[in-house]
Structure formats: C-alpha cells, structure tokens
Amino acid sequence: MGPDHDARNTRQAWAIAHIFAAMSHDHDHHHDHSELSETELRVRALETILTEKGYVEPAALDAIIQAYETRIGPHNGARVVAKAWTDPAFKKALLEDGSKAIGTLGYVSRVGDHLVVVENTPERHNMVVCTLCSCYPWEMLGLPPVWYKAAPYRSRAVKDPRGVLADFDVTLPKDMEIRVWDSTAETRFLVLPMRPAGTEGWTEEQLAEIVTRDSMIGTGFPRMPGAPS
Amino acid sequence: MNGVHDMGGMDGFGKVEPEPNEPMFHADWEARVLAMVRAMGAAGAFNIDTSRFYRETLPPHVYLASSYYKKWFLGLEEMLIDKGYLTREEVAAGHAMQPAKALKHGKFDLANVERIMVRGKFDRPAPAPAKFNIGDRVRAKNIHPATHTRLPRYVRGHVGVIELNHGCHVFPDTAAMERGENPQWLYTVVFEGRELWGPDADPTTSVSIDAFEPYLDPA
C-alpha cells in the first residue's frame, strides 16, 4: 500500500463514478469541461478530414441537420393518430399497412417502408423498445429521446414493462395485457393510443394537439388540456 | 456478438429518467456526428448494419460510459479507418494527408440531402418460399455468433409464435460483415413473458422480436 496504490484507487473510483454518471444521464454535457472539449475537437477534426478529402460538403451536413430540426418530429405521428381517431377507413388501412396508409396523406412528411402501427385497446397496451440499439420511427416521432437510447429503458422494457411504465407515472389495470415490441429489424413500430373520453366532436387539429410523443411509444397517454404534463 | 449492447433483460441500470423539454441535441457536435454518419453512409462508405456492428464492438466500458452520439462518433471514426477512407495519422493530425478513396455513390453534396430524408427500402425479392406460416410455433436458435446478429440473447432457446410475415429483407448478419444482402424472410415472433423470464414473471406480458428465418427452428 503506497502512494501509487492510493493514486490508482482514486483513479479507479473516479472512473467508476464517471461511468455511472454517464449511464444515468448519458449526455456529454454532464461530463467535465475538458472532456467535452476533447470530443468537440475530435469531431471537428473528423469533419475537416472528410471535407478536405472531398467526401462531404459541409453545407450538405448543415442541410441534413436543418432538415432534422424542422421537418421530422412527433407532430407527424400526432396527425396520423388524429386522422385514425376520426376516419375509420383510414384507421383500418393504417393498421393493415402503416407506410402505405400514411403515404396517402399529403400533409404528413414522407414515410419510409416497413412502418407497423399497433393499436392500444381496453384489453391491450403496446410499448416499443429497441434493446439492441435505438431503432425508432424517426419520420413519425423525430429523433429518439436520450432515455429511449439509454441502458435503463433498453434493459428493463422487455423484462419488467410495468416497472418501466411506473418510471413514467403510468399505471395500467393489473389484468391488462402488455405487449412489448422489440425493434430488432428494419421494421418500425408506432403505437396508436386510445382516444380519450371527452373528445367527442373534436376536430383532427384539436385531437392532434393532445397526442404526445410518449403516447406513440407506449410510455404515456394522450394529454388532455389542463392535465399535468 | 454477445456484446454489452444486447441489453434486454439485464438488471442494475436503474430507473428510466425522462428529461423534460429535452432538446434535439445536447451539443452542436452531436448534430455534426449525426450528419456525418448519415452522409458517409449515403455516399456508400458503409451500410447501416456495418455501422451498428462498429458501435457494438466498442469495448464494454467505453460503450457504457459514452453518450449516444459519442458512441456514434467512435464507431464512425474506427469504421472509416478500417474501410480505408482515412488513416490514424490523419486523425491524429486533424488533416487529410493521403489521397481520397473513391466513394460508391460519390461525394455527399447538397443535391443528396433529400434522398436521405426517407428511410431506405430493406425488402428484397424472395429467393425461396417462406418456411413458416402465421401461427406456427418456433424456437429461437441457441446461436452465439461472434459477429453481428439481430437475435437478442434473451430469446435464444425459447419458443414463440409467428404473428406477422414482413416479407424478405436484407439479412443484417451478412450485410454487416460485407458478405452480401442475402435476403431472408422476416417474421414478428411473440414470446410469453413467462417463457422468457420464468414462472414468476408477470403473466399479462408478452414480448415480440422481428426475427429472420435463419434464427428460427420449428417447435
């Protein structure tokens, strides 16, 4: 036991603490400033190399980011859900072939193939996860939130879905069936939540307003006006 | 590969912590990494399965301790070096030093942005009839390839039921290793919670995966 040993223990303790901090938060902005700077510098260096070698045009990278920031997002999925709640023929088509049905709606951004829409009913609740990575219906919901991509959700959603739902303050009746869809291929899953009572006569636009991102992943419900978020 | 990325059923990671009003990116560099991965993939430097495999092969302690886009960055850098698009010397110098390697689809410029805003198509013509029908009982094979696979460990050896047939799709296990698209039938297979997690599991839960035909045996 000398000073070297103590220093090594301190380094190990620091490394372990760091790993746990990252596991629970999973963003670099929780890391110390020097590491953030190092990552930033490395990312900039890589972009410089790719640009100098003529592989990418930086303006094209800007355009990709702008497109993600402005075009995709849960507003797309919300309009699809609202349409399904008000148009039984559309709902039927949506459940048969999600990509094809959404393709007929001119006002929703284009959607790729292999989108499967799964319907919540009074008997069954659906929930979507990607245990292996982060597969998620980007065009319908935008880029996935950090929690969807992080270890706590990915590890527990398939083994203890009720426990995971409790982390979202969601409680389901004890006898309700819960079906977890693990997105292990290039199929993508969108949950069609149940239409809340008290929305009779609402327009599609009004209904779209209450459809939350989490309600389309299966970790939440549509949010009625005045309800806590 | 039996990597730490294959997290289904693991314990000890704690509560899910949703972040209220989460921004799309937590730092500007995250957006640049996302854009570079999308651009270089679209330019033909790698396919989606290969990029997943490079993230999975990060050492477990690095994988667990890195944020999502940090993993994307580390995987991207390593993959581009392995595939000959850049060198470690260039990465260390922060500048190009070697001639460029030709990209299958050419430079990613502004004209290419639109085509990546819709997901690619992964279905392919069927090379053979499907072996399984909806309603068939199947057992997930007990296989442990050291290379990329999309058969999670938690279903291996367990019996489920075919619920959907998605047609023939690119087979990630070969595509990731650049051994061809090798299209295979893809099914949604549903497993009872108790089949996967034992008699104490919640009887109201079931879990499905999307499984390629080579992952399955009749049961």
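Student: Before we start, how are the residues and chains labelled, and which pLDDT limits apply?

Tutor: Residues are numbered from 1 along each chain as its sequence is written, and chains are lettered from A, with ligands numbered from 1, in the order in which they are written. The model is predicted, so local features need pLDDT of at least 70 and side-chain atom pairs count only at pLDDT 80 or more, while totals for chains, interfaces and linings use all residues.

Student: How many helices and strands does chain B have?

Tutor: Chain B has seven helices and five strands. Helices (H or I, at least four residues) and strands (E, at least two) are DSSP runs, numbered from the N terminus. Read from the N terminus, the order of elements in chain B is α-α-α-α-α-β-β-α-β-α-β-β.

Student: And chain A?

Tutor: Chain A comes to 12 helices and four strands.

Student: What is the order of strands in the open sheet?

Tutor: The open sheet has seven strands in the order β2(A)-β3(A)-β4(B)-β3(B)-β2(B)-β1(B)-β5(B), and the pairing is mixed. Its edge strands are β2 (124–129) of chain A and β5 (216–218) of chain B, each of which pairs on one side only. Two strands pair if DSSP finds at least two bridges between them.

Student: In which sense do β3 of chain A and β4(B) pair?

Tutor: Strand β3 of chain A, residues 177–182, pairs with β4(B) in the parallel sense over five bridges. Within β4(B), Ser206(B) is the bridge partner of Arg179(A), and Ile209(B) is the bridge partner of Asp182(A).

Student: Now a helix. Why is α2(B) described as largely enclosed?

Tutor: Eight of the nine residues of α2(B) are buried, so the rest of the structure largely encloses this helix. Among the buried residues are Phe53(B), Tyr54(B) and Arg55(B). The buried residues of α2(B) pack against α1, α4 and α6 (172–175) of chain B.

Student: How do the axes of α2 and α4 in chain B cross?

Tutor: The axes of α2(B), residues 48–56, and α4(B) come within 8 Å and cross at roughly 110 degrees. That makes α2(B) roughly perpendicular to α4(B). Axes are lines fitted to C-alpha atoms, for helices over the stretch in contact, and angles run from 0 to 180 degrees between N-to-C directions. Angles of 65 to 115 degrees count as roughly perpendicular, under 35 as roughly parallel, over 145 as roughly antiparallel and the rest as oblique.

Student: What about domains in chain B?

Tutor: The assignment gives domain 1 (28–116) and domain 2 (137–218); domain bounds come from an automatic or database domain assignment. The C-alpha centres of domain 1 and domain 2 of chain B lie 29 Å apart. Six residues of domain 1 of chain B are in contact with five residues of domain 2 of chain B.

Student: Last topic: which phi value does Asp169(A) have?

Tutor: Phi of Asp169(A) is near 60 degrees, a positive value in a residue other than glycine. Most residues other than glycine have a negative phi. Asp169(A) lies in the loop between α10 (161–167) and β3 of chain A.

Student: Is Asp169(A) buried or exposed?

Tutor: Asp169(A) counts as exposed, because it has 10 C-beta neighbours inside 10 Å.

Conventions:
A residue is buried if 20 or more other C-beta atoms lie within 10 Å of its own, exposed if 12 or fewer, and partly exposed in between; C-beta atoms are placed from the backbone. Two residues are in contact if their C-beta atoms, placed from the backbone, lie within 7 Å.
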